[in-house]
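Subject: Structure handover

Hello,

Here is the structure I promised to pass on. Please open it alongside this email and follow the names as you read.

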Amino acid sequence: MKKILKLTWGIVGAHLSSIFLSFMFMLLFGGLTDKIGITEYFLVLIWFGAIYSVGWHKGRKDARNIKGVYPDVKSNTIAALIFTVITLVMLLVRVLAFHVAAGGQIGNEPGGLGISDVAYRLWSFPVIEFMQRGTLITYLVPVIFPFAVYVLSYVIGLKKFSFAEKVLPKVLYKKKFD
């Protein structure tokens, strides 16, 4: 259990660092990328890179041939599921708070910025531009995407495949692929 929580904190840390980097990116380049219309793609790329990096490094570390160290796909999948549940709970609290408010009971005015709304928007900041479109899939992206990216990157790390080592040099130096 301790290992799973440590893995989950690694994913949460990567997610929080991607939020921070997204804020910095918006402060520095937001005006320029808004004019071109590519801001949301850069933010998702930052988010993807942070979560992919954590999963890939963990997979690469587990793939080493060290006695007593074996790949643990189950623990990594559970850690990614815990992160997904955290995000899902935040989404559900936001939705329920909105509906309670809309029903005229305890809560904020519909469309207002309640605590749950602000918390969820900050948590899902890298995809906030997509969420403004208001479709169901755009609200599920912050829930499903990190799980899929983390597990996929862990498996890629286990296979010892490195995009930076195998593909980039061939593209940059125009070498032929094997």
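First, one term. A residue is called buried when its relative accessible area is under 20%. It is exposed when that value is over 50%, and partly exposed in between. By that cut-off, 34% of the 178 residues of the chain count as buried. Please keep in mind that this is a predicted model.

**Overall build**

The chain has 8 helices and 0 strands. Reading along the sequence gives α-α-α-α-α-α-α-α. The accessible surface of the chain is about 11,300 Å². Carbon and sulfur atoms own 71% of that surface.

**The core**

Which residues touch the most other members of the largest nonpolar core? They are Ile11, Val127 and Tyr150, out of 24 residues in that core. Several elements give two or more residues to this core: H1, helix H2 (39-62), helix H3 (73-102), H4, helix H5 (128-131) and helix H6 (136-158). H1 gives the most, with 6 residues.

Look at Ile11 first. Leaving out residues up to four places away in sequence, Ile11 touches Val54, Ala79, Ala80, Phe83 and Tyr150.

Then find Thr8, which lies in helix H1. Is Thr8 buried or exposed? Thr8 has a relative accessible area of 5%. That is under 20%, so Thr8 counts as buried. With residues up to four places away in sequence again not counted, Thr8 touches Ala79, Ile82 and Phe83. Ala79 and Phe83 are also among the contacts of Ile11. The C-alpha atoms of Thr8 and Leu81 are 8.8 Å apart, yet 73 residues separate the two along the chain.

**One face of H4**

Turn to helix H4 (115-123). Its buried residues are Ser116, Asp117, Tyr120 and Trp123.

A nonpolar surface patch covers about 1,100 Å². Its members are Phe20, Leu21, Phe23, Met24, Leu27, Leu28, Phe29, Leu32, Ile36, Val118 and Leu122. Which elements give two or more residues to the patch? They are helix H1 (2-36) and helix H4 (115-123). H1 has the largest share, with 9 residues.

Leu32 sits in helix H1. Its relative accessible area is 54%. That is over 50%, so Leu32 counts as exposed.

**Salt bridges**

How many salt bridges are there? The count comes to 2.

One joins Lys3 to Asp72, with the closest N and O atoms 3.0 Å apart. This pair links distant parts of the chain. Lys3 is in helix H1, Asp72 is in the loop between H2 and H3, and they are 69 residues apart. Lys3 is partly exposed, with a relative accessible area of 37%.

The other joins the side chains of Lys58 and Asp62, at 3.2 Å from N to O. Both residues lie in helix H2. They are 4 residues apart, about one turn of the helix.

**One backbone angle**

Last, find Lys160. Lys160 is in the loop between H6 and helix H7 (163-166). Its phi is near 60°. That is a positive value in a residue other than glycine. Lys160 is partly exposed, with a relative accessible area of 37%.

**Where to start**

Then move to the patch and pick out Leu32. Finish with the salt bridge between Lys3 and Asp72.

Best wishes

Methods:
Residues numbered from 1 in each chain as written. Predicted model: local features only at pLDDT ≥ 70, side-chain atom pairs only at ≥ 80, totals over all residues. Heavy atoms only, no water. Patch = residues over 30% accessible without salt bridge, like charges linked within 9 Å, V, L, I, M, F, W, Y side chains within 5 Å. Areas by Shrake-Rupley, 256 points an atom, 1.4 Å probe, with all protein chains shown as cover. Salt bridge = Lys/Arg side-chain N within 4 Å of Asp/Glu carboxyl O. Buried < 20%, exposed > 50% of the residue type's maximum accessible area, 1.4 Å probe, protein only. Core = buried A, V, L, I, M, F, W, Y, C linked by side-chain atoms within 4.5 Å. Contact = heavy atoms within 4.5 Å.
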